[in-house]
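Here is a friendly briefing to read beside your structure. Please have the sequence and the 3D view open as you go.

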Amino acid sequence: VLAREPLMLSLPAPVTVIGNLHGDPHALMFFLKNFTSFEMLAYTASPLLFLGDLVDYGPASVEVAALVLALKVLSPERIFILRGNHESPECNGSVAKHGSECLRAQCQARFGAATGDRVHRTLNSTFAKLPLAAEIDKRIFCAHCGLPRPLTGDFADCLRLLRSPEFGRRVDW
């Protein structure tokens with residue numbers, strides 16, 4: 001499902017945009033209860049666009065990531081997920097920096113060291129396939145933290161580059 005999506009999504013309005021969840025299951029459930037109809041995506045007025053940072057800091061990073069990714073598989077035309085900076089092993093694997101709140105530590109706590117590291121690698125391999133940005137009606141630009149630093153030129157040039165099918169290679173961690 002994720003491998004078929006471009007690095008920059010082009011979505012028609014309306015879209016419900018959801019910011020950082022950071023492993024907070026209560027925030028995720030709030031959005032699902034309040035922005036889906038009858039708690040079913042098929043009857044929801046607009047697709048959901050998650051702006052990244054599904055994991056780290058909160059107590060349930062594994063569960064939040066698993067549920068959002070499962071929703072994407074079940075409803076690929078209604079759920080869209082962008083990659084945030086916490087969807088990288090450099091960030092979500094830093095036990096020294098984030099302690100027990102990082103995704104890697106949570107994976108190890110739930111599944112043991114060896115299996116937890118394998119789950120962590122698998123999640124990051126999946127995250128590496130997530131798009132980096134989205135545009136809604138070619139008028140609203142959405143990204144987790146803005147445009148990447150290596151991009152130079154005016155904003156229109158940056159958008160042309162992001163829209164290009166040749167832009168970037170997906171990295172498999």
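Helices (H or I, at least four residues) and strands (E, at least two) are DSSP runs, numbered from the N terminus. The model is predicted, so local features need pLDDT of at least 70 and side-chain atom pairs pLDDT 80 or more, while totals for chains, interfaces and linings use all residues. Residues are numbered from 1 along each chain as its sequence is written, and side-chain values use heavy atoms, leaving out hydrogens and water.

**Helix α6**
- With 15 residues (113-127), α6 reaches 21 Å from first C-alpha to last, close to the 21 Å expected at 1.5 Å a residue (1.5 Å times one less than its number of residues).
- Its buried residues include His120, Leu123 and Phe127 (buried means under 20% relative accessible area, with a 1.4 Å probe and protein chains only).
- Among the elements covering them are α2 (61-74) and α5 (103-111).

**Nonpolar cores**
- Leu21, Phe50, Val68, Ile81 and Phe127 touch the most other members of the largest nonpolar core, which has 23 residues (a set of buried Ala, Val, Leu, Ile, Met, Phe, Trp, Tyr and Cys residues joined through side-chain atoms within 4.5 Å).
- The largest share of this core, six residues, comes from α2.
- Another core, of 10 residues, lies apart from it and includes Leu11 and Cys142.

**Asp56**
- Asp56 sits in the loop between β3 and α2 and is buried, at 0% relative accessible area.
- Its contacts (heavy atoms within 4.5 Å) beyond four places in sequence include His22, His86 and Glu101.
- The C-alpha atoms of Asp56 and His86 are 6.9 Å apart, although 30 residues separate them along the chain.
- A polar atom of the Asp56 side chain lies 2.7 Å from the backbone nitrogen of Leu103.

Conventions. Buried < 20%, exposed > 50% of the residue type's maximum accessible area, 1.4 Å probe, protein only. Polar contact = N/O pair within 3.5 Å; in protein donor to acceptor, adjacent residues only side chain to side chain.
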